[in-house]
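Please look at the structure below before reading on. The text takes up a pocket and then a group of aromatic rings.

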Amino acid sequence: ADHAGGGRGGLIFTWLSLGLTITSWLCAPFIFNPYMFKMASFRRDLRAWWGFFFAQDGGQRWVEWYDAKQLQIRHGFRRSVRDVSFLIMFFLLLVVYAVMQQKLRLLSGIFFGIRSMFLMQVLALVPPIGLSLAYCVLVAITVQTRVKVGELR
């Protein structure tokens, strides 16, 4: 932090935010379940958790639950979101966004007198956000239409 220079305040704020987040994650079970403060309840819950994941039939109960509840055939938007091509498009969109923001920062540094730089940044984001939204809607409609056509046959 000594070599951070002008960014030291932001670095301290980042570490403070990270510390508060970790602390809240660690304390959340106790806040939402006050019986966790009792050692007997904590031990009973820990034994039940251990039995479900590891002890009962070597974890077979957990595997059966996962197969029954999580591994179901999905249709429509839920299926398209899990598709690998969707993730690739998402990361490509993030790269385009980062490059565009960097170019806009450089542009605002060169042309210092531009007052509507915020408006320029918002208008620069309209095409990627709008096109990604259109892509998601189009994929969901296409998959839903194919499912309905398959049901009619």
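A pocket is found on a 1 Å grid over the protein atoms alone: it is an open set of points where a 1.4 Å probe fits, with protein on both sides within 12 Å along at least five of seven lines, and its lining residues have an atom within 4 Å of a point. Grid points are joined across faces, edges and corners, and the volume is the space filled by probe spheres set on them.

This is a predicted model, in which local features need pLDDT of at least 70 and side-chain atom pairs pLDDT 80 or more, while totals for chains, interfaces and linings use all residues. Residues are numbered from 1 along each chain as its sequence is written, and side-chain values use heavy atoms, without hydrogens and water.

The largest pocket has a volume of about 210 Å³. Eleven residues line it, and M89, F90, L93, S132 and Y135 are the closest to its centre. Helix 5 (84-110) and helix 6 (117-152) each supply at least two lining residues; helices here are DSSP runs of H or I, at least four residues long, numbered from the N terminus. Helix 5 gives the most, six residues.

Now the aromatic rings. Rings of Phe, Tyr and Trp (its six-membered ring) pair if their centres lie within 6.5 Å; planes under 30 degrees apart are stacked, over 60 edge-to-face, the rest tilted. The whole structure has four such pairs. W49 and F54 make an edge-to-face pair, 5.7 Å centre to centre with 75° between the planes. The rings of W50 and F54 have centres 4.4 Å apart and planes at 40°, so this pair is tilted.
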